[in-house]
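Hi,

Here is the structure I promised to pass on.

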Amino acid sequence: MSFRLVRQSKFRHVYGTCLKREQCFDNIRVSKSSWDSTFCAVNPKFCAIIVESGGGGAFIVLPLNKVNKAGRIPPDHPLVGGHKGPVLDIAWDPFNDNVIASGSEDCVVKVWQIPDYGLVT
């Protein structure tokens, strides 16, 4: 009777590589107030990240097709802000890529419509 002690893995010799600088986002202040939720939500058009902001909660929406060469986000990039407390969770609509919902610590959930070209103000 044959008995194996060690289970063989197909992924034993697989190694990952880091992305290039022009394929990454840099200079984003990620929030520290989200406990059990994820800090970002991604769909085929946009990437949304909960950020630290003074005077309430906010998140940033970045179009995936407009990553600049350096990968840095300008400090004056527009934020989606309308909550009185810190934003705890965000989620994209699975049927409409331009609609996102955000929930905050002040027990308010808001639904936002993001234009196709992203946020400008």
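Let's start with the sheet: three strands make up an open sheet in the order β5-β6-β7, and their pairing is antiparallel. Strands here are DSSP runs of E with at least two residues, numbered from the N terminus, and two of them pair if DSSP finds at least two bridges between them. The edges are β5 and β7, each of which pairs on one side only. From one strand to the next the twist averages 20°, taken between axes that are lines fitted to C-alpha atoms, with angles running from 0 to 180 degrees between N-to-C directions.

Before you go further, bear in mind that this is a predicted model, where local features need pLDDT of at least 70 and side-chain atom pairs count only at pLDDT 80 or more, while totals for chains, interfaces and linings use all residues. Residues are numbered from 1 along each chain as its sequence is written, and side-chain values use heavy atoms, with hydrogens and water left out.

Now the strand pairs. β5 and β6 are antiparallel and share five bridges, and a hairpin through six residues joins β5 to β6. Here I90 sits opposite S102 of β6. C107 is exposed, at 75% relative accessible area.

How many of the five residues of β7 are buried? The number is zero, so strand β7 (residues 109-113) lies largely in the open. (Buried means under 20% relative accessible area, exposed over 50%, and partly exposed in between, with a 1.4 Å probe and protein chains only.)

Next, the aromatic rings. Rings of Phe, Tyr and Trp (its six-membered ring) pair if their centres lie within 6.5 Å; planes under 30 degrees apart are stacked, over 60 edge-to-face, and the rest tilted. By that rule there are two aromatic pairs. In one, the ring centres of F46 and W92 are 5.6 Å apart with the planes at 15°, so the pair is stacked. F46 belongs to strand β2 (residues 46-51) and W92 to strand β5 (residues 87-92), so to speak a link between distant parts of the chain, 46 residues apart. Both F46 and W92 are buried.

The pair of F59 and W112 has its ring centres 6.3 Å apart and its planes at 75°, so it is edge-to-face. Since F59 is in strand β3 (residues 57-63) and W112 in strand β7, this pair ties together parts that are 53 residues apart in sequence. F59 is buried, with a relative accessible area of 0%, whereas W112 is partly exposed at 21%.

Last, the cysteines. With a disulfide taken as a pair of cysteine sulfur atoms within 2.5 Å, the count is zero. C47 is in no disulfide, and the nearest cysteine sulfur, that of C40, is 5.3 Å away. C47 is buried, with a relative accessible area of 9%.

Cheers

Conventions. Helix = DSSP H or I, 4+ residues; strand = E, 2+ residues; numbered from the N terminus.
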